[in-house]
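Grab a pencil and work through these exercises with the model open beside you. Each one sets a task, then walks through a solution.

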Amino acid sequence: SYKSFNDDNLKLMTKIESSKRNNTTIESFGGTGGCVTGSCHRVTINNDKFLVDLGMYQGKFEERSKQGIRRNFQPMKDVANGVKSVLETHVHIDHVGRLPMIFKDGFTPTVLASELTAELMEPVLLNSAEIQENKPPQERLYDKWDVDKTLRHVKGVKPFKMVEIGKNITAEFILNGHIFGGSSIFVRNHSSGKNIFFTGDMGKPYQSLCGGYKEYVDRFPKDPINALMIESTNFERQPISFEEKKRKFLEEIYKTWEGGGNPLFPTLSLHRTPELMELICNCQKSGELPNDFEIIIDAPYAMKLLNKTKDLGPKYLSRRFGDDPSFYKTDESSMARFDLENLTIIESHQTSLLNDKEMARYPGKAIIIASGGMGEFGRSVNYIHGDFGKNPKNVILFNCYQVPGTEGCELTQRENIIRNKKTGARIAKLEGFTSHISGPDETFEFLNRFNLNELETVIITHGKDSSRIAMADEFKRRGYGAKIILSQINQAINC
């Protein structure tokens, strides 16, 4: 009963839903229908319209529809017409990456986000514009001038404070432990008394750097949720403990060193790079890693984001490390978690290319962290396609979700890089580094922190169809009587 609609059924269902007497409609333009990226949802309450996220599609299979339509190039008038505000859950590019396109096309909504998300918007979007500007003109979505226009309309909102977004409509940003500033959004219709909860990307109960959602549960609202829009990205995966994650991390490093090679970590810049830095730093201090190896960070954008976070001060960093909620006893020790010994930071692209050659058969021990978690963009490409990737003693350690159709996804289906019929670097996948909530028990532990006693509608998004179906079945198994919808792109849902 949860199979995807065909086109005729979708049009019919949309027509039926639109004819019902209800004043709230939700339409999704991405991040649903089996897609994990491109998150974008438009909400209409009476005469007020707002968006929740406006992200970029990633991977060739999600970016291009079955009909061959380039989803990232969808005209913004189809999405933004009449929209007064955009509510951003966090700054991952699949949630904010298309935001400047609205302003490029002349729309000027107010962009609301948690204070830290708003602070990080500038470096994230400017980096995205730089990537766009390196593409052929017909492939560019926007430029830095469009980003400048966008930033003039961004407003940071204090978490857990209601802000007006329409007539008798408010939004509240609920920190959820996904990444720095990551939030769920609680929308209240004060006229009807109906509330909508957008989970965004749900964070884990305990999380590196930002602490995890359990640090904020005492501030979660108790108002009833009538409609729930929920992501399902990792619903089919079971959580992995911090100690198990660290054990596999160390195991892969020592295995590679003992074989005469070195590991490369292609990383996401915003959260994963500083997470790995913190882990290495504390493993050195505990003696679990030696102090005689080189650490090379070839990720200038990641370092820019980290410096931005450090400039904001210790209040945005949790005192937690692993299973110890008060690991860092002082602000000084908390800020020192990224202070690595034998550290080299690579700035220029030319130096990165030279470093690939030097590290390809480096006789000593090293750990390389390079930008580009999916192996398509960023400095990791230099190593994967360069001399480093040709040495079978080296290893490429992927540590984030690999969107289908990306280079990283294709590589993780193999044991080694193969170039010209020659076996190159080993490929491995490190589990447990996700910042998404994982599995049924972890997911419903988060949901049960809210008031679901009046839940009427559940809209499941942001995940493969198998994950969405599994989540729908679990809602039913746990006895929720709500209507469950596996939304499709462009489907209008009344709730």
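Predicted model: local features only at pLDDT ≥ 70, side-chain atom pairs only at ≥ 80, totals over all residues.

Contact here means heavy atoms within 4.5 Å. Residues are numbered from 1 along each chain as its sequence is written, and side-chain values use heavy atoms, with hydrogens and water left out.

**Exercise 1. Find where Val-157 lies and which residues Val-157 touches.**

Step 1: Val-157 sits in strand 6, residues 154-157. Helices (H or I, at least four residues) and strands (E, at least two) are DSSP runs, numbered from the N terminus.

Step 2: Val-157 has 7% relative accessibility, so it counts as buried. The cut-offs are under 20% relative accessible area for buried, over 50% for exposed, and partly exposed in between, with a 1.4 Å probe and protein chains only.

Step 3: Leaving out residues up to four places away in sequence, Val-157 touches Leu-112, Ala-113, Ser-114, Glu-115, Val-163 and Phe-173.

Step 4: Check Leu-116 too: its C-alpha atom is 8.9 Å from that of Val-157, and the two residues are 41 apart along the chain.

**Exercise 2. Work out how helix 6 packs against helix 7.**

Step 1: The axes of helix 6 (residues 115-133) and helix 7 (residues 144-151) come within 9 Å and cross at roughly 160°. Axes are lines fitted to C-alpha atoms, for helices over the stretch in contact, and angles run from 0 to 180 degrees between N-to-C directions.

Step 2: That angle makes helix 6 roughly antiparallel to helix 7. Under 35 degrees is roughly parallel, over 145 roughly antiparallel, 65 to 115 roughly perpendicular, and the rest oblique.

Step 3: Helix 6 brings Met-121, Glu-122, Leu-125, Leu-126, Ala-129 and Glu-133 to the contact, and helix 7 brings Lys-144, Val-147, Asp-148, Thr-150 and Leu-151.

Step 4: Sorted by class, the residues of this contact are six nonpolar, one polar and four charged. Ala, Val, Leu, Ile, Met, Phe, Trp, Tyr, Cys and Pro count as nonpolar, Asp, Glu, Lys and Arg as charged, and the others, Gly among them, as polar.

**Exercise 3. Now do the packing of helix 6 and helix 10.**

Step 1: Helix 6 and helix 10 (residues 300-311) pack at about 170°, with axes 10 Å apart.

Step 2: That makes helix 6 roughly antiparallel to helix 10, and the crossing is right-handed.

Step 3: On the helix 6 side you'll find Glu-119, Leu-120, Pro-123, Val-124 and Asn-127, meeting Tyr-301, Lys-304, Leu-305, Lys-308 and Thr-309 of helix 10.

Step 4: The class tally is five nonpolar, two polar and three charged.

**Exercise 4. Is Asp-146 buried or exposed?**

Step 1: Look in helix 7, where Asp-146 is found.

Step 2: Asp-146 has a relative accessible area of 6%, so it is buried.

Step 3: A polar atom of the Asp-146 side chain lies 3.0 Å from the backbone nitrogen of Asp-143.

Step 4: Beyond residues up to four places away in sequence, Asp-146 touches Pro-100, Phe-103 and Lys-104.

Methods. Polar contact = N/O pair within 3.5 Å; in protein donor to acceptor, adjacent residues only side chain to side chain. Left-handed = near helix turned anticlockwise from the far one by under 90°.
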